[in-house]
Amino acid sequence: MTEAERYALIRQYAAGEITWHALRERGFDDYVQVLGALGELGLRPPIAPMTGPNVAARQRGRALLRQALRGQR
Amino acid sequence: MRRANADAPCCAKRCGDSGERAFQPYCHRYFATLYVVLADALDVLLRPGLLVSIPDAVYVEATRVRGAPGADRIVEWINAHLDAVRIIPTDIGIDQQRRLEEGRSIRGLGEQAAIETLERFLRSDPAAEALLLFEDTDVEKRRAIVDQRVSLITTGDFLRELEAARLIQSADYVLDQAAARGRNVERQHGAGEDAETRERLRDQLARRGAPEF
């Protein structure tokens with residue numbers, strides 16, 4: 001994979017167009033490589049919008065975490 | 001129990017007790033840890049007040065390479081918080097050791113170990129519930145087939161909740177720091193490889209009697 005291809009994949013990843021799973025299949029072995037390339041491009045790791053097939057389970061997860069955090073105050 | 005998706009990297013268990021819920025173990029995966037290691041924010045993992053359980057294969061992935069980013073800090077952090085952090089032995093971890101000895105790939109074993117840990121948690125207690133941490137892009141695109149007792153959270157969701165609770169200043173700051181330090185680590189690795197290559201070349205030339213440079 002050329003550097004240009006590598007950076008193109010990272011841009012797609014940062015935009016949420018491809019997944020970490022896909023990056024691994026394309027040759028990224030280590031998440032440090034991903035973070036490093038994101039840093040080189042001045043990008044940050046993507047945060048998923050609350051969409052997709054797992055929304056209900058994610059909403060439950062956030063509620064559980066919020067409850068745990070409240071318990072610490 | 002239905003199986004969790006193979007990319008379900010992180011779990012937490014809580015036990016019901018006469019209606020009052022108390023969180024117990026909480027385990028996570030390498031890349032999630034990397035964010036906070038590289039952002040010098042490992043302690044955020046303790047903010048929810050959960051017992052942190054790290055599957056053995058995940059621990060090995062994160063620390064087996066000497067000089068790997070954050071490896072020393074992870075070891076120091078675990079030792080500084082032995083009351084709140086523990087390593088969970090798994091069958092996958094045993095397989096990982098065997099593969100390492102045989103020089104075979106260990107890709108994906110950390111995730112499998114996290115799933116094994118989760119299943120053990122759920123089997124051990126009918127009232128157990130779990131929280132799985134997914135990488136953000138994977139959770140958005142891939143269906144996680146999980147037990148009803150299992151909830152999901154992404155690294156981004158986790159940081160956003162900490163931000164909302166004012167336990168960290170900014171989720172974006174943590175992510176930016178992780179990317180910036182990841183870049184520096186990659187550059188250091190590159191420079192290290194160059195130095196090693198130069199040294200090997202120098203040795204070869206010296207053996208041939210070529211002049212030093």
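# A guided tour of chains A and B

Start by selecting chain B: along the sequence, its elements run β-β-α-β-α-α-β-α-α-β-α-β-α-α. That comes to eight helices and six strands, where helices (H or I, at least four residues) and strands (E, at least two) are DSSP runs numbered from the N terminus. What you see is a predicted model, in which local features need pLDDT of at least 70 and side-chain atom pairs count only at pLDDT 80 or more, while totals for chains, interfaces and linings use all residues. To find your way, note that residues are numbered from 1 along each chain as its sequence is written, and that chains are lettered from A and ligands numbered from 1 in the order in which they are written.

**Stop 1: inside chain B.** Of the 213 residues of chain B, 46% count as buried. A residue is buried if 20 or more other C-beta atoms lie within 10 Å of its own, exposed if 12 or fewer, and partly exposed in between, with C-beta atoms placed from the backbone. Now select residues 56–63 of chain B, which form helix α2. Why is this helix largely enclosed by the rest of the structure? Because seven of its eight residues are buried; they are B:Asp56, B:Ala57, B:Val58, B:Tyr59, B:Val60, B:Glu61 and B:Ala62.

**Stop 2: a strand residue.** Next, click on B:Ile88, in strand β4 (residues 85–88) of chain B. B:Ile88 counts as buried because it has 21 C-beta neighbours inside 10 Å. Try the distance tool from here to B:Ser151: the two C-alpha atoms are separated by 20 Å, and the residues lie 63 apart along the chain.

**Stop 3: two helices in chain A.** Select α1(A), residues 3–14, and α3(A), residues 31–40. Their axes are 10 Å apart and meet at an angle of about 90°, the axes being lines fitted to C-alpha atoms over the stretch in contact, with angles from 0 to 180 degrees between N-to-C directions. That makes α1(A) roughly perpendicular to α3(A), a term for angles of 65 to 115 degrees. Show A:Arg6, A:Tyr7, A:Ile10, A:Tyr13 and A:Ala14 in α1(A), which meet A:Val34, A:Ala37 and A:Leu38 in α3(A).

**Stop 4: where the chains touch.** Finally, display both chains: 36 residues of chain A are in contact with 44 residues of chain B, contact meaning C-beta atoms, placed from the backbone, within 7 Å. On the chain A side, α2 (20–25), α3 (31–40) and α4 (55–71) each supply at least two residues. Which helix gives the largest share? That is α4(A), with 11 residues.

Methods. Contact = placed C-beta atoms within 7 Å. Parallel < 35°, antiparallel > 145°, perpendicular 65-115°, else oblique.
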